[in-house]
Number of protein chains: 2
Amino acid sequence: MATIKDVAKAAGCSISTVSYALNNDKRIPEVTANRIKKIADEINYLPSAAARNLKKQNTNTILVAISNFGGPVYNELLDGIHNELAKHEYTMVVSTGASSDNMLKQRTADGAIISDINISDKFLRQLSKNFKPIIVLDRSLNNQNINNMTIDNLKAMYLLTQDVLSKGYKKIAYVHGVKDTYDNKTRFSGIQKALRENNLEIFKEYFGNFTKDSGKEIASKIIEESIKPDMLICGNDEMALGIMEVLQENNIKIPENMGISGFDDIQLSSYFTPKLSSIKINHFEWGQKIAKTLLRLLKGATEKSTKELGTLIIRESY
Amino acid sequence: MATIKDVAKAAGCSISTVSYALNNDKRIPEVTANRIKKIADEINYLPSAAARNLKKQNTNTILVAISNFGGPVYNELLDGIHNELAKHEYTMVVSTGASSDNMLKQRTADGAIISDINISDKFLRQLSKNFKPIIVLDRSLNNQNINNMTIDNLKAMYLLTQDVLSKGYKKIAYVHGVKDTYDNKTRFSGIQKALRENNLEIFKEYFGNFTKDSGKEIASKIIEESIKPDMLICGNDEMALGIMEVLQENNIKIPENMGISGFDDIQLSSYFTPKLSSIKINHFEWGQKIAKTLLRLLKGATEKSTKELGTLIIRESY
DNA sequence: TTATTTTGTTGAAACGTTTCTATATGTATA
DNA sequence: TATACATATAGAAACGTTTCAACAAAATAA
C-alpha cells in the first residue's frame, strides 16, 4: 500500500505539502496541487482511514444498530436515514448483534442511531459517557446525553381503539409483542386509555413476540376457546398476519366473525385477503428526520425528544 | 476519553504492561492483569479502534455493500453472513451507495462482500490492487484478486423453462430486469438455451428494471396487445407480482389465460393469489457459505468461484 | 557459589495521517 | 536599499495503540 510518504517521495516534496494538496488547502497553488494529485493517482494512493481517524479524532461515519436484517420495518427507515446522511457526505453503516456492540465500544463512528432492544439501557447509559450523539428509536431513555425519537404508539393505538369501539366491537383482546419493550408497552397503554374512557376493560390478553409464528400459535389457542373475543388488536402486523392465516384456515371469517388490526403497515398487509387495517408510519421520511436531527447534534445543537405520529389505515380486517 | 496512558498512570505501571494485560498476554501474571483490567473499567477506558487499526493494519471488520435496503432479497442473506461472521468474532457492517465507496476506499474493513450493481467493475478492479479479499455476488469478474460467488441463474432458468415447455406453453416471453446486469443476462441465457433445444424462439421480450412498478407498466402494455404471449417468464418475483396485479385487475386470469413465473421466491410470492411459481435460493445458507469462504480467504487460502444452485418452486401461477 | 534461565516490567519505535510552527524565497511598500 | 509582507514549502509533534528489544530481579541449574 502506497502511503502519503510514497507520494511525497514521488513528487519530490514534503509530506505536509502532499497532505495540504490532497485536502485542497488554499496555501498550495493549483498547479502543484494538481501535479501532486496526479502522482497520487498514478501510484494508487488512498489515504488510510485509521491514521486519519486517529489524528482527527473522528470518523465521518454514522452507525445504525438494528436488531436484525429480517424485519420488513427497517428497510425504508434505513433508506431514509442514508438518503439524508449521504447529502452531507457522511458514511452510514448498519450492524446487528455483537457487531453493533463492537462498533459502539470502539467508537468507529461519530454518532449512532439505535433500534435494537437487545442493547440494554445500562450499556447505552455507560456508553453515552464516552460516545455522543446517540439517538434511540426503540425506547424512552431519560439521559442527558441520549436523544429519544420514538413513535407515538400510545396516541396511535388510542385512536385505533376508539375507531374500533365506534364500530361496535365490545370484547377486545390485545395481542402483546415482546413483553417489556417500549413499543409493546406503549401500544397497550393506548388501548387501555381508550377502553377506560369508555368504561370498558380489556377482554383478554395474548402473549406473542412480534413474529408471525407467535401469531400462529396464538391463533391456534383462540380456536379452542369457547368464549372468543370479537376483536383482536395486535402489537404489530406480522403477528396479525400469522393469526389471520390460521384463523381463516379454521373457517373463522374476518371481519365477519372476528375483527383484527395490526401496527406498522408493512407491505404484505395490503396484499393479504382481507387487507389488514393498521397504523402506518412513513419510515422513509422518519429516517430522514432522524438523520437531520443527528446531524444537528453533531454540530453541537441540543435537541428535544420527538414522537413520530402514525396514521390510521382502515382497510377490510375490522 | 480515557486512554491507555491514563490506565497506566492509575495503575502505576507502564503503557506496555497495560496493553499486554488487556490483551491477555501470558507474560503478565493473572493477578496484575486483573488489577489492571479492573482499573481500566473503573476509569471507563475503551481502546480506540483508530489507533489499534493503524498499528495492527487491520480492522477485524467485514463490509457488505448492497445496492439498497429496500429489497426483500437481501435480508436473509445478510443474516446468514452475519451469523457466520459473528461466530468468528468478526464485526459485520452493511452499507449502500456512496457510503460503500467510502468504506472501500478507506479500507475500513479487512474484506468485502459486494452485491451492488452500482459499483463498477472498473472500480473493483482498481480497488482489488490494494484491498483483499473481495467476493462479488452480483457479477462474474475475471480477476485474480476477486472471488465470484454467484447464483446459477442459467441453470435454474433452463430448468424452469423446460418445465414450462413440458406444460405445453408455446408463446413464451421474457420480462427483463435491469438490462446489463449479470443476473438478468444469465437468466435470459438459461431460457434461450432451453428454447433452442426445443427448436423454439423467444416469443417476445419486455424490458423492466426488477421493480414492481416496472412490472405494472409492462402489464399495462400487455393488456393492449392483440396477440399476447401465453407465458411470462420474469427476471424476478417483484416484477412478476406487479404484472399479476395489473393483469388480474384487467380480468386476465392466471394461470388460465396466461402463465407467469418469477425468480428469488421472496416471501410475498407465497401469499399472492395465485401463489407465484419461482426459483428459491436459500439466502441464509448461501450467506453462511459466503462468510465461510471469506474467512478462509482472510487466512490466505485460495478459493474457486462457486455457483449457488436454486430450486424450482412450482405453485399455482403457471 | 556462580552461571543460566525464567519471569515480569519497561522504554521506545512504529503505524499514516494532520496541522502547528518555522523558514526560505519572492514581491510589494516605504 | 531596507523593511515588511505574502507565498510556498518543510520539519516535527501528536493522535493511541502494539510490539520489539532491553533489562532487572527472581528462580533454577550447575
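In chain A, the centres of domain 1 and domain 2, taken over C-alpha atoms, are separated by 36 Å. The domain assignment of chain A, whose bounds come from an automatic or database domain assignment, gives domain 1 as residues 4-47, domain 2 as 59-150 + 283-307, and domain 3 as 153-280. This is a predicted model, in which local features need pLDDT of at least 70 and side-chain atom pairs count only at pLDDT 80 or more, while totals for chains, interfaces and linings use all residues. Residues are numbered from 1 along each chain as its sequence is written, and chains are lettered from A and ligands numbered from 1 in the order in which they are written.

Where the chains meet, 39 residues of chain A are in contact with 39 residues of chain B, contact being defined as C-beta atoms, placed from the backbone, that lie within 7 Å. On the side of chain A that touches chain B, at least two residues each come from α4, α5 (74-87), β2 (91-95) and α6 (97-106) of chain A; these helices (H or I, at least four residues) and strands (E, at least two) are DSSP runs, numbered from the N terminus. Helix α6(A) gives the most to this side, with seven residues. By class, this side has 17 nonpolar, 17 polar and five charged residues, where Ala, Val, Leu, Ile, Met, Phe, Trp, Tyr, Cys and Pro count as nonpolar, Asp, Glu, Lys and Arg as charged, and the others, Gly among them, as polar.

DNA strand C is surrounded by 26 residues, the closest being A:I4, A:S16, A:A51, B:C13 and B:S16; a residue is near the strand if its C-beta atom, placed from the backbone, lies within 6 Å of it. The elements that give two or more residues to this surface are α2 (15-22) and α4 (49-56) of chain A together with α2 (15-22) and α4 (49-56) of chain B, and α4(A) gives the most, with five residues. Around DNA strand D there are 26 residues, of which the closest are A:C13, A:S16, B:I4, B:S16 and B:A51, and here the largest share, five residues, comes from α4(B).

Turning to the sheet of chain A, four strands form an open sheet in the order β7-β6-β8-β9, and the pairing is parallel; two strands pair if DSSP finds at least two bridges between them. The edge strands are β7 (204-207) and β9 (259-261) of chain A, each of which pairs on one side only. Within this sheet, strand β6 (residues 172-176) and strand β8 (residues 231-234) of chain A pair in the parallel sense over four bridges, and A:A173 stands opposite A:L232 in β8(A). Helix α8 (residues 153-166) of chain A lies across β6, β8 and β9 of chain A, running at about 170° to β8(A), where axes are lines fitted to C-alpha atoms, for helices over the stretch in contact, and angles run from 0 to 180 degrees between N-to-C directions.

Conventions. Two residues are in contact if their C-beta atoms, placed from the backbone, lie within 7 Å.
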